[in-house]
Amino acid sequence: MATATLSASATTDEGAIAVLQREHGPALLSFLQGLTYGDQQRAEDLVQETLVRAWQHPEAFERPYESMRPWLFTVGRRLAIDARRSRLARPAEIGDGVLATVPDPADPADPTEIATAQLDVRAAVGSLSADHRAVLDRLYFQGLSVRETAESLGIPPGTVKSRTHYALRALAVRLPGYDRTGRRAA
């Protein structure tokens, strides 16, 4: 059954569209794959939209064509052009991979935030007295206990506790923008 002999009333019939798809669908799909740079999914979507347009326009079947193929290819090509223009008019979408590389400003593992905090802490610790720095160094950086710190410095454990208390108070004054976890306060 040639598609040129289909009447206008038959175009709304599912059978007529099925015949049109069976006769011209593979060639139309191949043509549209070339226009979509081999994107199978887009080409299939365009074939489907082209067949919907054929179903919506019964007057196309009334024209004296030997074949509906030129009309289908023209409609398909215009749909492909419209789809490409539509995609180019939108901003480019970014994938999750790009977002994963952008540091989160609230993330304590942000390298910039860590470097800034290290500079601030070094400056604040550097401004302490040598006795206070020695106590904090052994307790917090070397991981010694109060007793071990007292033995290494040759001072009583109570003095270690007292110097630690006053050293931490001085750091709190010199580092007002940080909370107890070491993060900058918002």
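A residue counts as partly exposed when its relative accessible area falls between the buried class, under 20%, and the exposed class, over 50%. By that rule Asp39, at 26% relative accessibility, is partly exposed. The model described here is predicted.

- Side chains of opposite charge can pair when their charged atoms come close.
- Like Asp39, which has 26% relative accessibility, Arg42 is partly exposed, with a relative accessible area of 34%.
- Asp131 is partly exposed at a relative accessible area of 43%, and Arg163 is partly exposed at 21% relative accessibility.
- Arg147 and Glu151 sit four residues apart in helix 8 (residues 146–153), which is about one turn of the helix.
- An α-helix has 3.6 residues a turn, so residues three or four places apart point the same way.
- Arg147 and Glu151 are both exposed.

**Helix 4**

- Helix 4 (residues 69–89) has 21 residues, which at 1.5 Å a residue should span 30 Å; the distance of 30 Å between its end C-alpha atoms agrees.
- The buried residues in helix 4 are Trp71, Leu72, Val75, Gly76, Leu79 and Ala80.
- These residues lie on the same side of helix 4, because they cover an arc of only 165 degrees around the axis.
- The buried residues of helix 4 pack against helix 1 (14–35), helix 2 (40–56) and helix 3 (59–62).
- Pro70, Arg78, Arg85, Leu88 and Ala89 are exposed on the other side of helix 4.

**Nonpolar surface patch**

- Tyr140, Phe141 and Leu168 make up a nonpolar patch on the surface, and together they have about 350 Å² of accessible area.
- Leu168 is located in helix 9 (residues 157–174).
- Leu168 has a relative accessibility of 37% and therefore counts as partly exposed.

Notes: Residues are numbered from 1 along each chain as its sequence is written. This is a predicted model: local features need pLDDT of at least 70, side-chain atom pairs count only at pLDDT 80 or more; totals for chains, interfaces and linings use all residues. Side-chain values use heavy atoms; hydrogens and water are left out. Patches are made of residues with over 30% relative accessible area and no salt bridge: like charges are joined within 9 Å, nonpolar side chains (Val, Leu, Ile, Met, Phe, Trp, Tyr) within 5 Å. Accessible areas come from the Shrake-Rupley method with a 1.4 Å probe; for residues, only the protein chains shown count as cover. A salt bridge is a side-chain nitrogen of Lys or Arg within 4 Å of a carboxyl oxygen of Asp or Glu. Helices (H or I, at least four residues) and strands (E, at least two) are DSSP runs, numbered from the N terminus. Buried means under 20% relative accessible area, exposed over 50%, partly exposed in between (1.4 Å probe, protein chains only). The expected span of a helix is 1.5 Å times one less than its number of residues. The arc is that of the directions from the helix axis to the C-beta atoms. Contact means heavy atoms within 4.5 Å.
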